[in-house]
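Morning, everyone. Please have a look at the model first. Then I'll take you through one region.

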Amino acid sequence: MTEHYDALETRSPEAREASLFECLRAQIRAAKAAAPGIARLLEGVEPGDVADRAALARLPVLRKSALAAMQKAEPPFGGLTTRPATAFDHVFQSPGPIYEPGMSSVPDWWRFARALHAAGFRKGDLVHNSFAYHLTPAGVMLEAGARALGCCVLAGGVGNTEAQAGAAADLGARGYIGTPDFLKVMMEKAAELGRELSFARAWVSGGPLFPSLRAWYAERAIPCLQGYATADVGSIAYETPAMEGMVVDEGVIVEIVRPGTGDPVPEGEVGEVLVTALNPDYPLIRFATGDLSAVMPGISPCGRTNMRIRGWMGRADQTTKVKGMFVRPEQVAEIVARHPEVRKARLSVTREGEQDRMMLAVETQTPSAELAARVRETMQAVLKLRGEVEADVPGSLPNDGKVIDDLRKFD
């Protein structure tokens with residue numbers, strides 16, 4: 001069995017960075033000419049200046065909330081595509097609603113073949129795809145990846161477990177694609193019906209793969225690997241047989257930034273995932289997924305040399321309401337930005353005596369009561385709310401990506 005999908009997976013990190021940013025510069029140039037939404041977002045940006053990650057970090061962040069607003073102002077895709085809507089093969093809908101374009105006529109347009117190959121899927125496999133084919137794109141996305149590998153796809157979709165288990169048994173499906181828990185549901189239903197399933201491998205996404213569930217599959221000789229993807233940009237990262245984090249896909253640039261900002265965090269620190277998709281048809285640049293993750297140091301034992309991330313670690317949107325007013329991560333970031341000596345901050349919200357309380361913990365090389373007092377004044381100016389400030393040395397705050405920690409109990 002060929003271990004790697006292609007030579008891109010094992011190139012040197014330096015060669016990869018050079019290639020990715022060469023593609024990105026060309027994409028920005030083309031997008032500014034053909035996608036009015038991108039042109040507005042990147043007004044004043046010279047494509048030739050985006051030569052590395054430091055330059056990329058100076059570009060604006062595109063948030064999902066902004067995407068929905070842009071689509072309402074300029075339907076259906078907010079001026080973010082280089083093709084007119086009718087030149088795409090599909091239109092999908094995600095909650096919001098947000099509309100995503102799709103192309104089945106372009107092989108593996110969402111780039112899932114690489115992730116499925118790492119999980120052992122190969123030409124000639126009959127694959128049961130239990131992702132939804134209705135409105136949302138997951139079913140078509142994964143089918144495109146499997147077909148690019150030469151697999152035959154059984155379009156199971158969601159629900160109707162008895163019929164799905166029966167079809168998979170009748171056809172001898174060898175591979176499963178879908179959510180982590182539905183495979184177990186299918187297997188239990190097949191056992192109930194006295195049918196035998198032939199799954200030999202599984203690729204899952206769309207929910208957490210708990211260690212106990214992975215072990216349950218392993219006990220039945222079904223290695224199960226997971227991937228990380230979104231409806232907007234497709235495949236982002238995927239597990240390999242090494243099972244040490246997730247390797248970033250070769251068709252995207254991933255950044256981990258402090259929630260509420262576009263500022264990259266140090267390697268290993270938890271932050272929000274930003275994705276730049278090298279897709280000339282739908283060139284989303286610095287797209288904020290709203291998910292938390294962290295970069296893992298080193299290279300995977302499987303030989304793939306791309307960046308690794310720890311996978312999905314929660315949501316970055318920590319907006320909360322204090323004394324009737326919204327408090328957002330970007331406001332905490334603004335407080336930090338006004339004090340260069342502060343490196344990191346975390347706002348804790350509690351409730352004492354039927355009143356909301358806030359405490360902002362900050363990390364600095366020079367903690368002092370005087371600094372805490374100055375930050376407290378800034379906090380009141382930015383949030384329009386009073387709170388306490390505690391200053392401590394770097395490393396005193398947890399590395400969990402939280403900028404706002406709401407500790408109040410509402411039950």
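Start with two helices: α10, residues 329-337, and α11, residues 369-383, pack at an angle of about 140°, with axes 9 Å apart. Axes here are lines fitted to C-alpha atoms, for helices over the stretch in contact, and angles run from 0 to 180 degrees between N-to-C directions. Helices (H or I, at least four residues) and strands (E, at least two) are DSSP runs, numbered from the N terminus.

This is a predicted model: local features need pLDDT of at least 70, side-chain atom pairs pLDDT 80 or more, while totals for chains, interfaces and linings use all residues. Residues count from 1 along each chain as its sequence is written, and side-chain values use heavy atoms, without hydrogens or water.

Who meets whom? From α10, Gln 331, Glu 334 and Ile 335; from α11, Val 375, Thr 378, Met 379, Val 382 and Leu 383. Contact means heavy atoms within 4.5 Å.

Now the sheet. It is open, with 4 strands in the order β20-β19-β18-β21 and mixed pairing. Strands pair if DSSP finds at least two bridges between them. β20 (388-392) and β21 (404-406) are the edges, each with a single partner strand, so one side of each has no neighbour in the sheet. The twist averages 20° from one strand to the next.

β18, residues 342-352, runs parallel to β21, joined by 3 bridges. In one, Ser 348 partners Asp 405 of β21. Finally, α10 packs on this sheet, touching β18, β19 (355-364) and β21.
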